[in-house]
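Please examine the sequence and the structure before reading on.

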Amino acid sequence: MTRLILALLPALALAACDKPAVITTEPADDIAVTTTPAESGVPAAAAVVDTADYLARAVAADRFEIDSSKAILAKTGNADVKAFANMMIADHQKSSDELKAAATKAGLSVLPVSLDPDQQGQIDAIRKTSGADAARVYLNAQRTAHAMALSLHTDYAANGTVPDVKATAGRIAAVVQQHSDKLSAISIK
């Protein structure tokens, strides 16, 4: 009986506050979500994802993909890297357009995009190098960016609150996964 009471205590405490326990990730770690910690013994709550935050981060991620890909095209002769960069420009412009259309349909607006300092630093690093070094910097940045983007889109597709934006996030997540798969096949000698 004591064990049962002790096991239920965290849930009762949370229910009494009428608020879930909150874990907020730092902005660089992706998006802020609200969950119930697994160690509390309470089943994890669905993540709550702010639509405006999702849209801003998603469009900024697309801008980074496009700008970094344009930067590498001027720096490398590697055919695989060039093909990947061209695909990034086309696919991420398309996903930005789809997100903006879904947001507009839902009566939302997407603010102008600005890159965060880390994203701009990665683009600057590509521009400062050349050849195989530039390709390595670019591919590493792409791997990181795609992992973050996949998490961002998957989270919103699962837990977002605006149906049209949720559906778009799900479609984009599938494309981002394809990009990640292609990245793993590209090697620089």
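## Contacts and confidence

In this report, two residues are in contact when heavy atoms lie within 4.5 Å. The model is predicted. The chain has an average pLDDT of 78, and 75% of the residues reach at least 70. For residues 1–46, however, the pLDDT is below 50, although this stretch has 53 contacts in the model beyond near neighbours in sequence. Where pLDDT is low, the predicted coordinates should not be read in detail.

## Helices α5 and α6

The axes of α5 and helix α6 (residues 163–185) come within 8 Å and cross at roughly 155°. Angles over 145 degrees count as roughly antiparallel, so α5 is roughly antiparallel to α6. The crossing of α5 past α6 is left-handed.

On the α5 side, the residues that meet α6 include L139, Q142, R143, H146 and A149. On the α6 side, V165, K166, A169, G170 and I172 are among them. Sorted by class, this contact has twelve nonpolar, eight polar and two charged residues.

## Helices α2 and α5

Helix α2 (residues 51–73) and helix α5 (residues 131–159) have axes that come within 10 Å and cross at roughly 160°. Therefore α2 is roughly antiparallel to α5. Here, too, a left-handed crossing is found, with α2 passing α5.

Residues of α2 that meet α5 include T51, Y54, R57, A58 and F64. From α5, the residues taking part include A134, A135, Y138, A141 and Q142. The contact of α2 with α5 comprises eleven nonpolar, six polar and two charged residues.

Definitions and conventions
Residues numbered from 1 in each chain as written. Predicted model: local features only at pLDDT ≥ 70, side-chain atom pairs only at ≥ 80, totals over all residues. Heavy atoms only, no water. pLDDT = per-residue confidence, 0-100. Axes fitted to C-alpha atoms, helices over the stretch in contact; angles between N-to-C directions. Helix = DSSP H or I, 4+ residues; strand = E, 2+ residues; numbered from the N terminus. Parallel < 35°, antiparallel > 145°, perpendicular 65-115°, else oblique. Left-handed = near helix turned anticlockwise from the far one by under 90°. Nonpolar A, V, L, I, M, F, W, Y, C, P; charged D, E, K, R; others polar.
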